[in-house]
Amino acid sequence: MFSLPHIEVPRTRREFLERSGYGFGSVALASLLAQAEASSAPNQGLVPHHQSKAKNVIFLFMEGGPSHIDLFDPKPLLNKLAGQSLPGSFGEILTAAGESRSPLLVSKRKWKQHGEAGTWVSDWLPEIATCVDDIAVIRSCWADGLNHSSSVCQMNTCSLIGGRPSLGSWVTYGLGSENKNLPSFVVMQDNRSQVVNGPRNWGTGFMPAVYQGIQLREGKQPIPNLNNPEGITDKRQRRKLSLLKSLNQEFTDQHSRQTELGARLASYELAFRMQAEAPEAVDLSQETQATRKLYGMDQEETSSFGRLCLMSRRLVERGVRFVQLYHGAGSKWDAHTGIEKNHSKLCKTMDRPVAGLINDLKQRGLLDETLVVWGGEFGRTPMSEKGDGRDHNPTGFTMWMAGGGIKGGQTIGATDELGLRAIEDRMHVHDLHASILHLLGLDRMKLVYNYNGRPERPTINEGEFQTKLVTG
Amino acid sequence: MLNIFKYIMCIIFSSWLMMSSVNAAELSPEVMNFFEKEVRPLLSEHCWSCHGEKEQKGALRLDTRGHMLLGGESGKSITPGKPNESLLIESVRYESYEMPPSGKLKDDQIKVLEKWVSLGAPWPGADDSVPVRKDLGPDFTSEDRAWWAIQPLQNVTVPIPSASDWCRNEIDQFLLSKLEQQGLTTAPEASRASLIRRVYFDLHGLPPRPEEVQKFVNDQSPDAYERLVDRLLESPRYGERWARHWLDVVRYADSDGYRADGYRPDAWRYRDYVIRSLNEDKPYNLFVQEQLAGDELFPNDVDAQIATGFLTHGIYEWNTRDVAGQWDIILNELTDTVGDVFLGVGMQCARCHDHKFDPILQKDYFQLRAFFEPILIPTNQVAATPKQLEEHRLKMAAWELATGEIRKEITEIEAPYREKAKAVIKSFPPSIQAMIKKPEEERSPREQQLVALGWRQVEHNYKGLDRKLKPDDKEKVLALRRKLKKFDTLKPAPLPVAQQVRDVGQVAPKTTIPKKHTECEPGFLAIIDKPVADFMGSKRKDTTSRRSALARWLTQDSNPLSTRVIVNRIWQYHFGKGLAPHSSDFGRLGGPPAHPELLDWLTQNFLEGGWQFKSLHRLIVTSATYRQSTQHPQEEVMASIDPANKYYWTADTRRLDAEQIRDSILTVTGELDLDAGGPGVTASVARRSIYLRMMRNSSDPLLDVFDLPRFFVSVPARDTTTSPIQSLQLFNSQQMLRFAAQLSNRAYDDVAATPDEEKEDAALRRAWEIVFGRTVTKAELSMAKEFLNRQTELLSEQETTVNLPQQETATMPYRNGQSVVFNAKKPSPFYVADDKRLNPENCTIEAFFQIRSIYDSGAVRTLISKWSGKVSEPGWLFGVTGRGSRRKPQTLVFRSFGEKKNGAVGDEIVFSDQHIELNTPYYAAVSFHVSGERAGTIDFYLKDLSNDDEQLGRITKTHQMKQVQGNNLPIAFGRMVRNRNSFFDGLIDDIRLSSKALDVESLLFTQESVTKSTLGYWKFDPVPGMLQDSSPNQYEITHNDRIISAGNPRREAFVDLCHILLNSNEFLYVH
C-alpha cells in the first residue's frame, strides 16, 4: 500500500535485484512491496490500461441494505397492492427470513422528481436530491447472496465466499498510491460495532497483506499504534530507533542479498512519517466553519458521519486511492422491523453529509477525478417482514455513482413493477466492479494476479463495463 | 410480418434446407428479410459484444451459423429446427443460463429467435461447415501427454560431481553437479551458532535455549549435528511446528467463517491428531487414507475418525435458508481443497470450463467431486472405540433409568419451546420443507444430506433454548437440573466429540455438471486414465467406498502427482522454495521444476523409506547444502550468475513467520507455556501459537500483521510482507512494551547471583544470549552501554509518568481499539475516585465485555460497582452471576443496597434472565428509573456482538428502591471495592455512566459518544489514554498498584534496550 505511484512488482528475485542493485538503497520503498515473489506475479501492465478520469474512489457503503423502493425507485403498484400477497406471477422467492408470502408493505414516502433530469428521489433524502444532476442512479443492481455475510463479502470481493481480495486491494495493486506516507486504501466506519465479516472485507485474500485496507479513525491516533505509547516521549523513541538502526545495520550488511532487511529498516522511518502525516490528514480543525456546516457538522445528528465524509475528502486530496466509508456499521440499515423509524434516522444522519461531500468535491474541482459510489450489499423486499419491516432483496436494488467521469442526471435500468427483481440493464455486482475499475482506467481482464498457478482477476472473469454510466 | 402461408412455406422450405447445404442463393427473400431485419439486429445488439469476433465468453461465438453449431464450453447453442433443444433458446428464456445478463429480452424478441431456430436457423451466406476448435475436448495433444508432473517417477542415477568430498549425501551430489555446470561454488558451512538456530526454527519453530547453543557449540564430536537433529525430531515440539504447515494446506480453522463466525468447539481434535501423527512419524500414505476415508478404511480406529475432520474444515453459514445452495458450495469447496492439497493441479480452474493451460477437463473436476458427493457431516458425533461406546452405553442406561422421571419433566416444560425452535424450517424453500416432512426412509440420499444440513439450524436454536425460557419455566427447569445433578455419580464421563464425516449410505446422489446437465461418476484425471473400479474394494452396506478408492489411488507408489507434491512441499518448508516452484500447482502456470531429477530421486527415496517424513527431514537437514552459510566469500560473483539462488550456492536469510515470531517472543521472555493439546486458547494465554483458537474473522493483531492467513482457502506458502504497520505494532504497542519489561526482568533474574556492580553487564550479555543465541560483541556492548547511559539521563530528567506495560490489553472480537484484560487470578484495581455527581438519581450503566470464566459459586463477576458488597452500607453493582447461583446462574444482575420505597433499608437483586455465554463479546446495559414515567422499572439491554442477526434484547423488570443511595466509595471496574469475591475475568471495553435512564436510541451501542447526560466515559484506548475519561468531567482512573520502574531510570532504560532487541532484524530473521 505504501508504494510509489504505479506499483511495479518484480517478477522474480533476479528482476528485483537487477532493478534495485544490491542491498538497500534508493529503492527501499519499492522493496516494501510484496516480497513474496512466489506468489506475486507478472501483471499485464500495472498502469492504467486506458485513459480515465477517475483517480480515486470513495465508496459509501450503507451496511445492512437500504430500501431502494423507499429511496430511489418508486413503485406505485406497491401501494396499490399493499396488504396483499405477492402476486403469483412473480414466482417462487427465497428470502433470508422466509417471509416471502407476507403482505406487501406500503411505502409511506412522498416522491418528487429532482434536478434538470427529473430524477426520482423520496422525501427521506432531501439533500442528496439536490445533487442528482451529478448522479447516475442505477436501479437495476443485483447480487447473489441472501444473507449479510455473503452479500457484504460479494460487494467487496465479487465472491460470496471469503478468501478473495477486496476491490480496494485490487485498485491499490493496480494503481499504487500517490502518497507514500499514507495508506493507499483506507476504511472508516461511523460507529464502533464491527462491520459484518470484520476486517476481511478489506483484506487481500490471496494477495500479500500490503494491499489491505487500513482502518482509520478520527483523532490523534487514526491508525492503531500510530502514536508513541502512553507516557513515552518523542526523544526517547528517537533514541531507541537510533539504537535499532545501529544494531540492524550490521546484520543487514552481513546479509546484503536479503533486501527485505533494508526495507524493514525503511519501514520504521516510514512509520514515523506516517505519525506526522496521518493525524494532519484527519485533523478537521483546519477546515472552515462553512465547510464544516456543509457536511452537517453543526448538527448533532449529522456531525458524526459528516466528519467521516469530510475526512474522506481530505484523504483523497492527499492521494489516498480508495476510501471505503461504512455507514450504519454492524448492519444498522437492516430494517427487518420498523423500517420507518430505522430508515428515517439513518437517512437523516447520512443525507446531508453525503450531499456535502459531493458539493465540496465539486467546488474544489475534485469530483471529476473522484468516483463516489453509494449503496449497500442489497436492497429490501416489497413484502413486509414482522408487519412493518422489509427483508433482504439481492435480486433488485439501487446503487448510485457520481464524479470520476460519470454522466450525472440519469437513471439507468429498472426493476419490475414491485421493485423485486432487476429487469432492464441489469447490473450484477461483477458489472459494478468492472465498471468501477474501468472508470479508474483498469481493465478487469488485464488486471491479473497469479495465485496457486491461476491467473486471478478482480471480477472473476465476469462483468461488463456499463457504458451508459459515461454516455448517458 | 409473415402471414400464415409464408410461415408454412418457410417451414417446408427449411426442412428441405436442413438436408442440404445453406447458402444465400437458396434462401427465399422472405427468409433473408426475416433474418436481416429481425434476427441479425437482435443478435448484434444483445449477443455479439460478449460472443463475437472480439470476445468469446465461455468460448462461445454467436456471429456465424457455424460457430453457433459448434457452440461453446456448454455444447452447441442451436439444434436447427428444434428450439426446445437449443441452448440459445433456453438461455434467452432464462431457463438455464440467463442471457443476456443485462435483462431478459422482450417476449416478442424471444419469439423471433424461437422462430428462427425452428426454421432451421437460416443464415444468408452460411454453409453447414462447423469450425474446428483448438484446445478443447478430451483429445489430448502429445504435448499434454508429455506434461512432466504426470510422468512416472524417473529412475535417476545420482550424479558424481568432481568436488565430491564436499557432499554429505545424494542431495548434495545432485545440486553440486549442477552448481559446477553453472560455474558456481558452494558457501562454507554455517557457524554452529547459526546452524542450531536455523534447525531449531525449522524443526521446532522455536529458538534454542542459550544453554543448548552453548552445548552444541562446545561439542566437538563429528556427529554432534546429526545427534542434535535426531533429538529435535524426537521432541514433541517437532509435531507442533510441522502440523502448522499441514494445517495451512488443509485450511484448518476453529470457526465457521461467515458473519457469526461461530466457534467450532471440537475442531481442535483434528489439530491434535495432526500433531500426534507427525510426532509418531505416521507414514504419509496412511495419513492421507485416514483423512480422506478413515471411516471406511479403519472404522474401529478413533484417530482415523477424527482424521476425517479434514473434510469438514470448510466454511459454514448457520442461517442460510438456501440449504441446497450451501450444500453445493460445501462440496465444491471440498473438491477445490482436495485438488490443491493432494493433486497439486489447478482443479478450481476446471470448475467452470476445461483448464485453459493444462490438460484438466471440467469433467475431471466433477468426477473428483463425485468422490465426495455422498458425504454426510453429522453433528455431535463421538469418536470412540466400540468398547468405549459399549461401556458408555451401559453406564448411561443406569443413569437414564434413575433419572427418567426428572428428565421427563424437563422435556415437558421444554416441549413448547422446542416446537418454536423448529419454526425456522418454515423459512426454508418449499422443496426443502417437503423433504423434512417426509419419513426418513423415503428420503433420497441427496434429500438426507439436505435435511441434515438444514436441521443444523434447528439444533442451533435448541442450543439457545435456555435463553427463551420464561422466568417461571426457567426456575422450574433449574430446580429440576439441580435435582438431576445429584445423580451425576452414576453418569459416565461424556465421550469425546469430533468433527467427522461418513457417507449417507450405499448409494450416492448424482453428480451433474451444472448447465450442461451431464452426469459424472467418480473418476481420476482423464489424462492419467486409470479406472476407478480397480480401487473400489468390496461393496459395503453403509457406504459407497468412493473415498477409499480415491485414497488408495492417491497413496499408490505409482501415483505421479500426490507423491511428488508432498515431497516438494517438505522441501519447500525447509528451504523457503520448492524444487518445483508452486507447491500446489504443478501445471504450466506453476512453472517447471528447477531440479526435476532431484525431486524424482527424493520422491523415490521417500516411497522406499515407507512414506515417512522424519527420514526425509533428516536427509535434507543433514545435507551439506542445507548447512551452508548465508554468506559466501565470492557473493557478488555468484549472485551475478544466479541472483535467485536457484542452484543453492548459499543459504537464504528468511523472515520468521507469524507463529514463529510470537512463539519466539514468548520463549525469550520466559513466559512460554509448553502445555500441549486441548481446546484452542485466546492469544492472551502464553501457549504456542498452534494452540490458539483460529477464528477466521478475527485474528490476533500481532499474528495478523505478520501475514497469518485467514484459512478460507488452502495456503501452500506464506506471504512475507514488510510494512510500516508491522513496525508500529512492534515499536508502539503496549503488548510489546510489556514483553520488553518481561525480557528485562528475565535477564536480571538469570544473573541474580552476580555481584551488584557487575550485574548490568551480566544482564546485557544474558539478554544477547537469550534473544540471539550468541555472545554480545564488544562493539555491541559498548553501543548498548552508551545507550543505557544516555537513556538513563533522559529518563531521570523526565517527570515520571504512568507506566502501563504491566496492564494487559487486547482487542475485543467485533470491536476496534483496545480493551482491558481483567484476570481474576491477578486482579488489578481500576478505581474512579468518588464525586458527589457520581451518585445520580436515575442512571444508566453500560459496558462492552467478553467473559472468560464465571464463579463456580454464586458470586458475581463484577463489571462495575460502587460498593463493597457489605449489606450495611449503601451501594450497587452490575455484573454476571456465577454458576452456583441458586436462582439465576450466568446472567446479568443489578444489585443494590439502600432505602426502599416502603421505607425499609435492604438489599435488592434484579436478574436480567438473559443468558451470558463465555468467550462471547457483548454489549450490556442497565437503566435504572427512580423518577419519571417509568419510575420503579429497570431495563436490561444485551447484544451479542458476534451475531447481528439477533436484535438488541431488552428485558424490563421492576424494583422497590427509593433510589440508589450514594456512598463515598470509589467506582470500581472489574471488581467491587475491597471485596475479594467479585473479580471479573475477561475483557472489558468502553464503560459509560449516565445520569439518565437512557432510551434505546441513546444507548452506547448505537451512539458511541459523550452526551449531556454522560457522567463518565472510559474507552481504555491509548488515545486519550488508557486510564482517561473521555467525558469533560475528567474522572480519571487510578491504578494504585501500577508497577513503576521509573523509580529506577537505569532499569527503565534497560527495558528500552530489550524492546529494541525484540524489534531487531536479527531477532525476526533466521539465517
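Student: Which side chains meet in a salt bridge with an N to O distance of 3.9 Å?
Tutor: Those of A:Glu464 and B:Lys57. A salt bridge here is a side-chain nitrogen of Lys or Arg within 4 Å of a carboxyl oxygen of Asp or Glu. Keep in mind that this is a predicted model, where local features need pLDDT of at least 70, side-chain atom pairs count only at pLDDT 80 or more, and totals for chains, interfaces and linings use all residues. Residues are numbered from 1 along each chain as its sequence is written, chains are lettered from A in the order in which they are written, and side-chain values use heavy atoms, leaving out hydrogens and water.

Student: How many salt bridges are there between chain B and chain A?
Tutor: The count is seven.

Student: And how much area do the two chains bury between them?
Tutor: About 9,300 Å², with 52% of it on carbon and sulfur atoms. Buried area is the accessible area (1.4 Å probe) that two parts lose on being put together, summed over both.

Student: How many residues does each chain put into the contact?
Tutor: Chain B gives 117 and chain A gives 105, where contact means heavy atoms within 4.5 Å.

Student: Switching to chain A: why is helix H5 described as largely enclosed?
Tutor: Because nine of the nine residues of H5 (167-175) in chain A are buried. Buried means under 20% relative accessible area, exposed over 50%, and partly exposed in between (1.4 Å probe, protein chains only). Among the buried ones are A:Trp170 and A:Tyr173. Helices (H or I, at least four residues) and strands (E, at least two) are DSSP runs, numbered from the N terminus.

Student: What do those buried residues pack against?
Tutor: Elements of chain A, including helix H4 (148-157), helix H11 (429-439) and strand S7 (322-327).

Student: What follows H5 in chain A?
Tutor: A:Gly176, which has a positive phi, near 70°.

Student: Back to chain B, where does B:Leu1027 lie?
Tutor: In the loop between strand S19 (1014-1018) and strand S20 (1037-1038) of chain B.

Student: Buried or exposed, that B:Leu1027?
Tutor: B:Leu1027 counts as buried, at 6% relative accessibility.

Student: What separates the C-alpha atoms of B:Leu1027 and B:Leu394?
Tutor: 58 Å, and the two are 633 residues apart along the chain.

Student: Last one: how many helices and strands does chain B have?
Tutor: There are 35 helices and 21 strands. The C-alpha trace of chain B spans about 105 × 85 × 65 Å along its principal axes, and 59% of its 1071 residues count as buried.
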